[in-house]
Every structure is written in structure tokens, then in C-alpha cells.
Amino acid sequence: QEVYSKAVLEAKLEKARTDLRKQEDHLASLKVEVAAEKAALVATCLELGEREKEVATLRQSASDCGALRAALDAAKADLSEREARLEEMQEEVRAAEERAAHLSREATPSKGRQLETLREELGAV
């Protein structure tokens, strides 16, 4: 009976050792999986950091575009003002040319000086 009990105990011990080895193998497998997940997480964090840099760059570009758009709008407004002034000056030149033509038709020796003065004004414009 004692031999039988010893044999049963040894068999149970061997089974327990086998179960322990299986558990250790499983634990090692889990450790490998955890390490792989950690590596994937680190890679994801690095990629996220790169994406955040790209987003910051895009935001800065958008801000720069806004500033450029504002500068362009200001330049357009300035151009419109200059075009309006140019049109006014051209109108003044046309009016002066009309006055000069009128004076030229009416020119007499006494008005010759007025015509000369008007032509000098036209030259200044």
C-alpha cells in the first residue's frame, strides 16, 4: 500500500511538474505577446507624434495663408484706390485737353500766354 501511495504521489508530482511547465510556457508566451504589444504601442506613439507635428505644420500653413490672404486683400484695395485716382487724373487730363482745344480755337495774341500756361499745366500732369 505504501509503495502504491508513493507511486500515486510520484505520478501526481510528475503531473504537477508537467502542468507547471505548461503554465511556464504559457506565461512565456504571454510575456512575448505583451512585449509585442508594447512595441506596437511605442510605434503608435511615435507615429502619433509625427502626425501631431504634421498637424502643427498644417495649422501654421493655414495661418500663413490667412495672413497672405489679408495682405492680398489689402493690395487689391490699394490697387482699386490707385485705379480710381488714375481714372480721376485721366478725367482731369481730358478736361484740360478740352480747355486747351477750346482756347486754341479762340486763341488771339492776347490769349497766347493763357494757352502756354495751360500747356505747362498739362505737361505737369
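Colleague: Is Leu13 buried, partly exposed or exposed, judged by its relative accessible area?

Modeller: Buried means under 20% relative accessible area, exposed means over 50%, and partly exposed is what falls in between (1.4 Å probe, protein chains only). Leu13 has a relative accessible area of 43%, so Leu13 is partly exposed. Keep in mind that this is a predicted model, where local features need pLDDT of at least 70, side-chain atom pairs count only at pLDDT 80 or more, and totals for chains, interfaces and linings use all residues. Residues are numbered from 1 along each chain as its sequence is written, and side-chain values use heavy atoms, with hydrogens and water left out.

Colleague: Thanks! Which helix holds Leu13?

Modeller: Helices are DSSP runs (H or I, at least four residues), numbered from the N terminus. Leu13 is found in helix α1, which covers residues 2–106 and also contains Glu92.

Colleague: How many salt bridges does the structure hold?

Modeller: A salt bridge is a side-chain nitrogen of Lys or Arg within 4 Å of a carboxyl oxygen of Asp or Glu. The structure holds eight of them. One of these joins the side chains of Arg82 and Asp78 at 2.9 Å, N to O. Both residues lie in helix α1, four residues apart, about one turn of the helix. Arg82 is exposed at 52% relative accessibility, while Asp78 is partly exposed at 33%.

Colleague: Where does Arg94 find its salt-bridge partner?

Modeller: The side chain of Arg94 meets that of Glu91 at 3.0 Å, N to O. These two are three residues apart in helix α1, so about one helical turn separates them. Salt bridges can also share partners, and in this way Glu14, Arg17 and Arg21 are joined into one network.

Colleague: Which residues form the negative surface patch?

Modeller: For a charged patch, residues with over 30% relative accessible area and no salt bridge are taken, and like charges are joined within 9 Å. Asp and Glu count as negative, with the charge placed at CG of Asp or CD of Glu. Accessible areas come from the Shrake-Rupley method with a 1.4 Å probe. Here the patch is formed by Glu83, Glu87, Glu88 and Glu92.

Colleague: And how many disulfides are there?

Modeller: A disulfide is a covalent bond between the sulfur atoms of two cysteines. The cut-off is a pair of cysteine sulfur atoms within 2.5 Å. A search of the whole structure finds zero. Cys45 is partly exposed at 48% relative accessibility, and Cys65 is partly exposed at 46%.

How values were computed
Patch = residues over 30% accessible without salt bridge, like charges linked within 9 Å, V, L, I, M, F, W, Y side chains within 5 Å.
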